[in-house]
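Me: Hi! Could you walk me through this one? I have some quick questions.

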Amino acid sequence: MKIVLVCYSGSSASILRDRMLAWARANLIEADVIVSSLAGLDDDREDADIVLVGPQVRCALANIRERVPARIPVVAVDTRDYGMAKGDRVMQEALEEIRRTKEKEVHMG
């Protein structure tokens with residue numbers, strides 16, 4: 001699974017990424033979390049399963065949705081979970097959103 005975490009500069013997101021990966025390893029989930037800036041999103045989004053948007057760039061959520069293929073969910077990360085680097089909660093929410101998106105695809109066609 002490939003998760004793209006979009007943030008402003010990348011410093012705070014790297015802590016969250018490390019905690020997300022630790023939770024995934026502990027739960028035997030293969031995951032790759034790519035920290036991306038807004039400018040780098042166009043390169044990093046390829047083959048992503050989900051794009052998570054950090055609070056610093058939430059104002060660009062509509063723009064990010066336009067730049068990401070419709071089949072890939074784009075979700076704003078909860079500000080408290082992001083600020084407290086709650087990797088477990090962010091990963092669980094990402095997995096749930098990926099599951100919901102796949103279920104919609106199955107029902108639609």
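Me: How far is the sulfur of Cys-59 from the closest cysteine sulfur?

Reply: The sulfur of Cys-59 is 13 Å from its closest cysteine counterpart, in Cys-7, which is too far for a bond. A disulfide here is a pair of cysteine sulfur atoms within 2.5 Å, and the count comes to zero disulfides. Before we go on, this is a predicted model: local features need pLDDT of at least 70, side-chain atom pairs count only at pLDDT 80 or more, and totals for chains, interfaces and linings use all residues. Residues are numbered from 1 along each chain as its sequence is written, and side-chain values use heavy atoms, with hydrogens and water left out.

Me: Good to know. Is Cys-59 buried or exposed?

Reply: Cys-59 is exposed, with a relative accessible area of 76%. Cys-7 is buried, at 1%. The cut-offs are under 20% relative accessible area for buried, over 50% for exposed, and partly exposed in between, using a 1.4 Å probe and protein chains only.

Me: Switching to the fold. What order do the strands of the open sheet have?

Reply: The four strands run in the order β2-β1-β3-β4, with parallel pairing. The edge strands, β2 (32-36) and β4 (74-76), each pair on one side only. On average, neighbouring strands of this sheet are turned by 25 degrees against each other, direction ignored. Helices (H or I, at least four residues) and strands (E, at least two) are DSSP runs, numbered from the N terminus. Two strands pair if DSSP finds at least two bridges between them. Axes are lines fitted to C-alpha atoms, for helices over the stretch in contact, and angles run from 0 to 180 degrees between N-to-C directions.

Me: How many bridges join β1 to β2?

Reply: Five bridges join strand β1 (residues 2-6) to β2, and the two run parallel. Val-4 stands opposite Ile-34 in β2.

Me: And what does Ile-34 touch?

Reply: Apart from neighbours within four places in sequence, Ile-34 is in contact with Lys-2, Ile-3, Val-4, Leu-5 and Asp-44. Contact means heavy atoms within 4.5 Å. Ile-34 is partly exposed, with a relative accessible area of 23%.

Me: Now the inside. Which residues touch the most other members of the largest nonpolar core?

Reply: That core has 19 residues, and Ile-3, Leu-5, Met-20, Ile-50, Leu-52 and Tyr-82 touch the most other members. A nonpolar core is a set of buried Ala, Val, Leu, Ile, Met, Phe, Trp, Tyr and Cys residues joined through side-chain atoms within 4.5 Å. In this core, β1, α1 (11-26), β3 and α5 each supply at least two residues, and α1 gives the most, with six.

Me: What does Leu-52 touch?

Reply: Not counting residues up to four places away in sequence, Leu-52 touches Ile-3, Val-4, Leu-5, Val-6, Met-20, Val-75, Val-77, Val-90 and Ala-94. There is also a second, separate core of 13 residues, which includes Val-4, Val-6, Leu-61 and Ile-64.

Me: Where does α5 lie?

Reply: Helix α5 lies across β1, β3 (50-53) and β4, running at about 135 degrees to β3. Thr-101 is in this helix and is buried, with a relative accessible area of 15%. Leaving aside neighbours within four places in sequence, Thr-101 is in contact with Arg-71 and Pro-73.

Me: Last topic, charges. How many salt bridges are there?

Reply: The count comes to ten salt bridges. Each is a side-chain nitrogen of Lys or Arg within 4 Å of a carboxyl oxygen of Asp or Glu. One of them joins Arg-100 and Glu-96 (3.5 Å, N to O).

Me: How far apart are Arg-100 and Glu-96 in helix α5?

Reply: They are four residues apart in α5 (residues 87-108), so about one helical turn separates Arg-100 from Glu-96. Salt bridges that share partners join Glu-93, Glu-96, Glu-97, Arg-99, Arg-100 and Glu-103 into one network.

Me: Which partner does Arg-17 have?

Reply: Arg-17 forms a salt bridge with Asp-18, the closest N and O atoms being 3.1 Å apart. Arg-17 is partly exposed at 24% relative accessibility, and Asp-18 is partly exposed at 41%. Asp-78 and Arg-80 also meet in a salt bridge (3.6 Å, N to O); Asp-78 is partly exposed at 32%, while Arg-80 is exposed at 62%.
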